[in-house]
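Please read the following report alongside the sequence and the coordinates.

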Amino acid sequence: MNVTASPHTLIIAIGNPLRGDDGLGWAVAQQLSHDSNPDYDIHTVHQLTPELAQFMAIVKLVVIIDATYEGEPGDLRVRPLSPPAQPAPVGTHHTTPAELAALTSALYGQCPPVIVITMTGANFNLCEHLSPLIAHRLPLLSAAVRQACSQSHC
């Protein structure tokens with residue numbers, strides 16, 4: 001099925017706000033929602049699921065925000081995604097951004113560019129607040145999302 005892309009950007013913020021720095025994606029989504037940018041379509045999710053493909057297929061850019069264990073706490077990484085040519089089997093417990101992009105392409109005949117922005121967390125324990133380091137660096141993460149959108153002419 002071919003679909004026509006809208007001029008919007010889909011921002012997918014992944015995480016669990018009850019697990020410390022794992023909730024950083026949700027915190028960035030909240031900051032971005034204050035921008036009142038009509039070109040942003042912001043989704044907060046606990047994990048990537050196949051159902052997100054329907055939203056990805058109709059936008060011109062997807063930005064995925066997530067916390068990671070990889071690297072030093074506070075490290076910021078911005079990378080364009082190169083999805084595999086064929087979708088891997090998609091499960092319900094863990095779908096990667098590349099698998100979701102490949103699924104979107106397979107189901108809808110197209111997938112917009114995907115940019116994955118991650119920050120290494122410092123604390124993933126049960127708590128409802130970000131670690132001081134991540135809370136301090138949150139504006140940097142929000143700025144990286146805005147920059148990714150502006151460079152892609154969002």
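The report below begins with the basis of the values and then moves from the sheet to the cores and the charged pair.

This is a predicted model, in which local features need pLDDT of at least 70 and side-chain atom pairs count only at pLDDT 80 or more, while totals for chains, interfaces and linings use all residues. Residues are numbered from 1 along each chain as its sequence is written, and side-chain values use heavy atoms, with hydrogens and water left out.

**Sheet.** Helices (H or I, at least four residues) and strands (E, at least two) are DSSP runs numbered from the N terminus, and two strands pair if DSSP finds at least two bridges between them. S1 (residues 9-14) pairs with S2 in the parallel sense over 6 bridges, and Thr-9 stands opposite Tyr-40 in S2.

In H1, Leu-24, Gly-25, Ala-27, Val-28, Ala-29 and Leu-32 are buried (under 20% relative accessible area, with exposed over 50% and partly exposed in between; 1.4 Å probe, protein chains only). These buried residues pack against S1, S2, S3, S5 and H4. A nonpolar core is a set of buried Ala, Val, Leu, Ile, Met, Phe, Trp, Tyr and Cys residues joined through side-chain atoms within 4.5 Å. The largest such core has 22 residues, and Leu-24, Val-63, Ile-65, Ile-117, Leu-141 and Val-145 have the most contacts inside it; its largest share, 7 residues, comes from H4.

**Charged pair.** The structure holds 1 salt bridge, that is, a side-chain nitrogen of Lys or Arg within 4 Å of a carboxyl oxygen of Asp or Glu. Asp-35 forms this bridge with Arg-146, the closest N and O atoms being 2.8 Å apart. Asp-35 lies in the loop between H1 (24-33) and S2 (40-45) and Arg-146 in H4 (residues 132-151), so the pair ties together parts that are 111 residues apart in sequence. The table gives the exposure of both partners.

| Residue | Relative accessible area | Class |
|---|---|---|
| Asp-35 | 32% | partly exposed |
| Arg-146 | 31% | partly exposed |

Definitions and conventions. Contact = heavy atoms within 4.5 Å.
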